[in-house]
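Here's a quick briefing to read with the model open. Have the sequence and the structure side by side as you go.

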Amino acid sequence: MASQEESIREFVAVTDVDEERARFFLESAGWNLQLALASFFEDGADDDIVTLPQPEGGSSVSRSAGPSSQPRVTSLGDLMDMAEDDNDEEEGQRFFAGGSERSGQQIVGPPKKKSSNEVVEDLFKRAKEHGAVPLDRSGKGPEPSRAKAFLGGGYRLGAAPEEESAYVAGESRASNSQQDVHVVLKLWKSGFSLDDGELRNYSDPGNANFLDAIRRGEIPLELRQRTRGGQVNLDMEDHRDEDYVKPKMAFKAFEGEGQKLGSATPELVSVPPLSQQDQAANEAQASASVNLDPSQPTTNIQIRLADGGKLVQKFNHTHRVSDLRQFVAAARPTMAAREFVLMTTFPNKELSDESLTLQQANLLNAVIVQRLK
């Protein structure tokens, strides 16, 4: 009894309430001074206490006039019941260790990890809160092509007939100019990807800054670095129910440089244009200049010219390589003054000895290539 009176005095000294009210909180807490004080400061400071008439048994009961908005904690069991009713997903699981029914230590575990579905839902929710607008892909028409400004040179016409036109050089675009970038962020079941890039896991610490920036409604730093100060257009696609599938690489033609190996294809050169009638007349005259003996064996020789043309002429086996040169010069008078050589194909070999007959040079039914020096 002395200890109870001492607890009442200590309770009154701390809370500055009357002894009847102090007795109520102490009895509710099983005369545990710490629990009684905690209950008073949490939800009992403003309650009015009503003392009911004592029943015949002689025990007194005190209770508040109205129901409290917060549940009272009177024992460790009540704390456990409150922990089970807490559905906050951000907090970890609660544990209790040691003590008896009226005492114990509460231990809160680490926060629960969000599932990938919750991560995607949170990213879209935060993006909408910061002004993101959903896009209707089905009803979206083709984007209009942006007209590019002309950057080349040209001539400024004179204002008067006697004024000459002046050439104006174009403005070259600086290599470090700003450029806009369009990026598609695809949110998959187990991670995310940028455009057609590799899968990046949600739980990877290296991706934390990227995802945090999306939640804050900001463009991540790694995307801003691509633009060199330009604008980043970021689209988010919801694939939370799909597994990531690495896209097939589209075929891209080689755009670099290299060395061309030896080829029988002649190098094309530009020659003064001739009318078709003049060219046909020259070829007919060259064909007529070939002295062909029908009684002797003949062969057809195909000649690929340096201007891209092709000639086919019938020769005797006894005709020489020099006759081929004369035939080409007659068929293309415009190239007669230029130095050229005749070569075979497969293997490529220059016909340096023009005194050989076609049979001796192994040119029967062959293809000859004209190449300029």
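In which helix does A280 lie? A280 sits in helix α8, residues 276-288. This is a predicted model, where local features need pLDDT of at least 70, side-chain atom pairs count only at pLDDT 80 or more, and totals for chains, interfaces and linings use all residues. Residues are numbered from 1 along each chain as its sequence is written, and side-chain values use heavy atoms, with hydrogens and water left out.

**Terms for helices and strands**
- Helices (H or I, at least four residues) and strands (E, at least two) are DSSP runs, numbered from the N terminus.
- Two strands pair if DSSP finds at least two bridges between them.

**A280**
- A280 has 43% relative accessibility, so it counts as partly exposed (buried is under 20% relative accessible area, exposed over 50%, partly exposed in between, using a 1.4 Å probe and protein chains only).
- A280 and A331 are 51 residues apart along the chain, and 8.7 Å separates their C-alpha atoms.

**R332**
- You'll find R332 in the loop between α9 (321-331) and β13 (340-344).
- R332 counts as buried because its relative accessibility is 6%.
- The side chains of R332 and E283 make a polar contact of 3.1 Å (a pair of N or O atoms within 3.5 Å; within protein, one must be able to donate a hydrogen and the other to accept it, and residues adjacent in sequence count only if both atoms are side-chain atoms).
- Setting aside neighbours within four places in sequence, R332 is in contact (heavy atoms within 4.5 Å) with Q279, E283, L305, D307, G309 and L311.

**The β11-β12 hairpin**
- Strands β11 (residues 298-304) and β12 (residues 310-316) run antiparallel, joined by seven bridges.
- Five residues lie between the two strands of this hairpin, and G308 in the turn has a positive phi of about 95 degrees.
- Across the pair, I301 stands opposite Q313 in β12.

- β7 (residues 181-187) runs parallel to β10, with seven bridges joining them.
- Within that pairing, V183 stands opposite L234 in β10.
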